[in-house]
Structure formats: C-alpha cells, structure tokens
Number of protein chains: 2
Amino acid sequence: MISNIHSDHSDRRSASPEETRERILLAARDVMSRKGRRGATTREIADVAGVNEATLFRHFGNKDGLMAAIAQRFCAVFELQSLMDRLSGNLEDDMFEIGKTLMQSMNALRDMIAWSLVENDPETPFQVRIGDEVWRVPEAIHKVILDYMAGRIASGELHGDAPLLARLLMNIIFAHVMSRRKFPDAQIYDDADAALRFYIDVFLNGVRSK
Amino acid sequence: MISNIHSDHSDRRSASPEETRERILLAARDVMSRKGRRGATTREIADVAGVNEATLFRHFGNKDGLMAAIAQRFCAVFELQSLMDRLSGNLEDDMFEIGKTLMQSMNALRDMIAWSLVENDPETPFQVRIGDEVWRVPEAIHKVILDYMAGRIASGELHGDAPLLARLLMNIIFAHVMSRRKFPDAQIYDDADAALRFYIDVFLNGVRSK
DNA sequence: GGTGCGTGCAAGTACATACTTGCATAAAAG
DNA sequence: CTTTTATGCAAGTATGTACTTGCACGCACC
C-alpha cells in the first residue's frame, strides 16, 4: 500500500539529520498533494519518508511546524535577476525566456498552488498558511511580464492593455501546469518547450488565417 | 464564528425535507471548498446549514453518502443541444457562445474542480470520488469546441492543430474561473462577458501590431 | 573506548470527530 | 383526532490521529 522512499530501515542512522529532515519534507508534500492538509496524517508521512513517526515530531515539534517548514522550504524566492539578463530584444525569444521561467517556478510550486485553491481556512495560523506564500514567486514574475508588455506596447510592437495581457499569459501557463498535474497521461503537451512556443505564437499572432 | 444560512432554529419543521437536504448539500459544498474533504467536519456543515448534526446523518447515512450526494447533485450534465442551436455561423459570435457555456458550467463546478486538483486519493471509494465526475461536463463542451475548431480549420478560416487549439481555449477559461475564485477582489476581469470577448479576440487575432 | 546525538520502537495520553440512540415535539397527513 | 414523519436535543460510543515518553541502540567524534 505505502511505498516508502528509502527501504534501508535496518540501520539506525543511515543518513544525516539534514537528509532525514529533507525526506520528511518531501514525503509531506507528496502525501498532502494527494490527500490535502487534514487528510495527510503524520503517520503516513512518516511511513512514506521511511522514518519513525516520533522522528517527525522530534524534527518539527508538531504538524503545524511541519507545515511552516514546508512553506519555507518549497516557496523559496527565485533569482529573477538572471532572467532580465537573458533577454535579447527579440520579441518571441524574450517571451519564451520569461514564460519558461514562469513555467518552471509554477512547476516547482504546483502542489502548493493546488492546495492554495482549496484550503483557505481563515482560522489556520498565519505561519502555516502556505496558500498565501505560494503566489509570491509567480506574482514577482508576473510583474516582470507586465513591465515587459508595457514596454512593448509603448514601442508599438504590441497593442492592448498591459495588465490584461500579462494576466492572460500567466493564466495560460498556470492552466498548462495544472492540466499536466491533473492529467499526466494526456499525450497532448508532452514537450513543455514546444507547448510554450505554441502558446506564444497564438498569443502574438492569433489562430485566424490571413 | 459560524454563520448559518437559516436562523429560524425555533421551528421544529420550518422547511420540507427536500429543502433541508438541499441546505445541507449547499453547506457541505461551502465548507468543503474552504477546508477540504477531510477538514470539513459534519458538525460544522450541520451548523452552517442550520440543522442538527443528527439530521445530517439521517439524510445521508454517513459522510461518504453526503459526498456521493454532492457529486450527484452538483455535477449534473448540462443540456448541450441548445448550444448547437444557438450557433450563428459568425466566427466570433459562435466562439463567444461556446466559451460562455463552458465558462458558466465551470463556474458552477468551480469548488469541485478545485478539490479535484488536490484530493486524488486512490483509496477513496469510487462513488465518493467527485474528482472524476466533475470533469465530465467540461469535457463534453471541450468536444464541442474541438469539433467546431476542426470544421473551421477544414474550411480554411483557422489554422493549426484542432486538439491543441481546443485545449488552449479551454485552459484559458479554466484559468479565468480559478483566478476569480482564488482572488475575487482583483479589479481585473470584472465583467465576465468582456473578459471572454477579450480572450477570443487575442485567441483569433493575436496581440502583435500589424 | 567513552560520550553524545539521532533514531527506532512500543506503549502510552488526550482529544476531535464520525456516528448512534432514545425521547420530546411540532407540523403535516389521514 | 390520531398517526406519521421530520426534526431538535442530549448523551452517548468507537475510532483515528496528534503528540509524548522512556528505553535501547548504533554511529560519529573526541
């Protein structure tokens, strides 16, 4: 039933405490992505991580501590400076670079983004509210997109309302990531880069024949 | 803390059993949309519905029965025949009609669509697996979009790969609905019809200046 | 080779929550 | 008027789960 990551139960101390902690965090994210926050039990998380339940509590104190650790561990801020340096000036290439950065960050956050859509219980303590933290990185990238679009609109290359356009592009990538997460077996969109180029082509040129 | 729908607790039988059942179903969907399936307690659902907890169990037997009832009540199949009749032949108008139908059905299903992204626990009994049921209606509409696009591509009005285009349009609407659900206060996209027309305009014509 | 630290293991406690039950009662149905 | 039905209410039971604790044990480091 439960497939644990490490099968070397026998050894008392096969890994460093940091590795143990990391295994628990990964297992917690995994189980929570299938069962939700309340549905994920500390026992199952410990089993999947291949550690004893007591070890989990020795590391994180309580379940909320584990949640807070997840928020800190997996919602780390991306380095966005290098993104700006990679922009060439070519419209398609730039949008591909920006879009790819957004897609990668959303892919890393996909599980927590999914939770943020369900678990918005105002009674949960704020340190544990992953739903609020997750969107910081995508929103930062969204700001980059917004600035870029505004510049291209000002220069006459694009037309339309910059906030609307930026949000639409972000939504397309968001839906792509969520679709692939929900339906991983769909043959469509196998190649992420090709999908992104397709999106940008439609976004820029439309699908109407000329 | 808890705001119940009906405040007329005093009467023993203020409503018909059907109304009571409906209140419980609505309350269950409401609470579950905030706390998830496991996080939603029968006590809170009963409180929000303004009924006694025992009444909830008398109606649905157990929590799984309530879940199954939700799946049946809120995932009802839309009538798609009238949609085909409303199509005029004009490309923009037709796509608006189809897109609007899809947007409305997704809006009705938004809470359950959100759950379906999180709770995919293979151990839950199949009758209760709302996550599988929810997508039937959108997929039916997706098929309409797919056929329509294929026809327009064959006639030369559109160009590209019909499955990809259909999926992209569906994704755009999916992301719109989820965005508005997650961030209801965002000033952007206030008017759903205007947003849809904007999406279709970008989809057909692109945003590049000509 | 001794000490401390991290872990497994087993046995717990406390509490929340799903679910039951018996009775009173009010409204509807006959 | 009588009966039935749907509900409220209060007091349950059973179980799962978060969390603790004491002890044994092995690995690393001095």
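This is a predicted model: local features need pLDDT of at least 70, side-chain atom pairs count only at pLDDT 80 or more; totals for chains, interfaces and linings use all residues.

**Aromatic rings and their neighbours**

**More on the rings**

- Counting over all chains, the structure has nine aromatic pairs.
- To describe a pair of aromatic rings, one gives the distance of the centres and the angle of the planes.
- Rings can also have a charge above them: in chain A, the charged end of Arg197(A) sits over the ring of Phe96(A), at 3.9 Å from its centre.
- In chain B, Arg197(B) has its charged end over the ring of Phe96(B), and here the distance to the ring centre is 3.8 Å.

**How the two chains are related**

- Chain B can be superposed on chain A by a rotation of 180 degrees with 0.0 Å of shift along its axis, giving an RMSD of 0.1 Å.
- This is the relation of a two-fold axis.
- Which C-alpha of chain B is nearest the axis? That of Gly206(B), which lies 1.9 Å from it.
- The copies meet through the same surface, because 100% of the interface residues of chain B are also interface residues in chain A.

**The build of chain A**

- Chain A has ten helices and zero strands.
- Its C-alpha atoms fill a box of roughly 65 × 35 × 30 Å along the principal axes.

- Of the atoms of DNA strand D that come within 4 Å of the protein, 59% belong to sugar and phosphate.
- The residues of this surface near DNA strand D comprise six nonpolar, nine polar and ten charged.
- Which helices each supply at least two residues of that surface? They are helix 2 (42-49) and helix 3 (53-60) of chain A, along with helix 1 (17-39) and helix 3 (53-60) of chain B.
- His59(B) has a side-chain N or O atom 2.7 Å from a phosphate oxygen of DNA strand D.
- For Arg58(B), a polar side-chain atom lies 2.8 Å from a base oxygen of DNA strand D.

Notes
Residues are numbered from 1 along each chain as its sequence is written. Chains are lettered from A and ligands numbered from 1 in the order in which they are written. Side-chain values use heavy atoms; hydrogens and water are left out. Rings of Phe, Tyr and Trp (its six-membered ring) pair if their centres lie within 6.5 Å; planes under 30 degrees apart count as stacked, over 60 as edge-to-face and the rest as tilted. A charge sits over a ring if NZ of Lys or CZ of Arg is within 6 Å of the ring centre and within 35 degrees of the ring normal. A residue is near a molecule or strand if one of its heavy atoms lies within 4 Å of it. A polar contact is a pair of N or O atoms within 3.5 Å; within protein, one must be able to donate a hydrogen and the other to accept it, and residues adjacent in sequence count only if both atoms are side-chain atoms. Helices (H or I, at least four residues) and strands (E, at least two) are DSSP runs, numbered from the N terminus. Ala, Val, Leu, Ile, Met, Phe, Trp, Tyr, Cys and Pro count as nonpolar, Asp, Glu, Lys and Arg as charged, and the others, Gly among them, as polar. Copies are superposed by least squares on the C-alpha atoms of residues with pLDDT of at least 70 in both. Contact means heavy atoms within 4.5 Å.
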